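I opened a new notebook page for this chain. Here is what I looked up, in the order I looked.

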Amino acid sequence: MGGIQGWHLVIIVILALLLFGAPKLPGLARSVGQSLRIFKSEVRQMKDDDKNPEAAEETVEGKIVDPDRRENNA
């Protein structure tokens, strides 16, 4: 009862065929695969950034911009 069984997968595949049509499924699967690869690489990069303590100690200088002054100069 806790996991996806075989017949659940069959129903999902049939619904996907009905919703998207057979010709569009390869393109859909390709785009999902690309999205997962991008997500994995971003997660890996975030983990690498956490391991690098020097990057966390860097400070960034910010400036406050007065919106009235910016509109008058334009």
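**Entry 1: a valine to start with.** I picked Val32, and I found it in helix H2. Helices here are DSSP runs of H or I with at least four residues, strands are runs of E with at least two, and both are numbered from the N terminus. Buried means under 20% relative accessible area, exposed means over 50%, and partly exposed is in between (1.4 Å probe, protein chains only).

**Entry 2: ground rules.** I noted that this is a predicted model, where local features need pLDDT of at least 70 and side-chain atom pairs count only at pLDDT 80 or more, while totals for chains, interfaces and linings use all residues. Residues are numbered from 1 along each chain as its sequence is written, and side-chain values use heavy atoms, with hydrogens and water left out.

**Entry 3: the whole chain.** I counted four helices and zero strands. Of the 74 residues, 1% count as buried. The chain averages a pLDDT (the predictor's confidence in each residue, from 0 to 100) of 81, and 80% of the residues score at least 70. Which element has the lowest mean pLDDT? That is helix H3 (residues 53–57) at 60, whereas H2 has the highest at 89. My reminder: where pLDDT is low, the predicted coordinates should not be read in detail.

**Entry 4: a nonpolar patch.** Val32 belongs to a nonpolar surface patch, whose other members include Trp7, Ile11, Phe20 and Leu36. Together the patch residues have about 1,100 Å² of accessible area, by the Shrake-Rupley method with a 1.4 Å probe, where for residues only the protein chains shown count as cover. Patch residues have over 30% relative accessible area and no salt bridge, and nonpolar side chains (Val, Leu, Ile, Met, Phe, Trp, Tyr) are joined within 5 Å. A salt bridge is a side-chain nitrogen of Lys or Arg within 4 Å of a carboxyl oxygen of Asp or Glu. H1 gives the most to the patch, eight residues.

**Entry 5: along H1.** His8 sits in H1, and it is partly exposed because its relative accessible area is 28%. Just after H1, I saw that Gly21 takes a positive phi of about 80°.

Note on methods. Patch = residues over 30% accessible without salt bridge, like charges linked within 9 Å, V, L, I, M, F, W, Y side chains within 5 Å.
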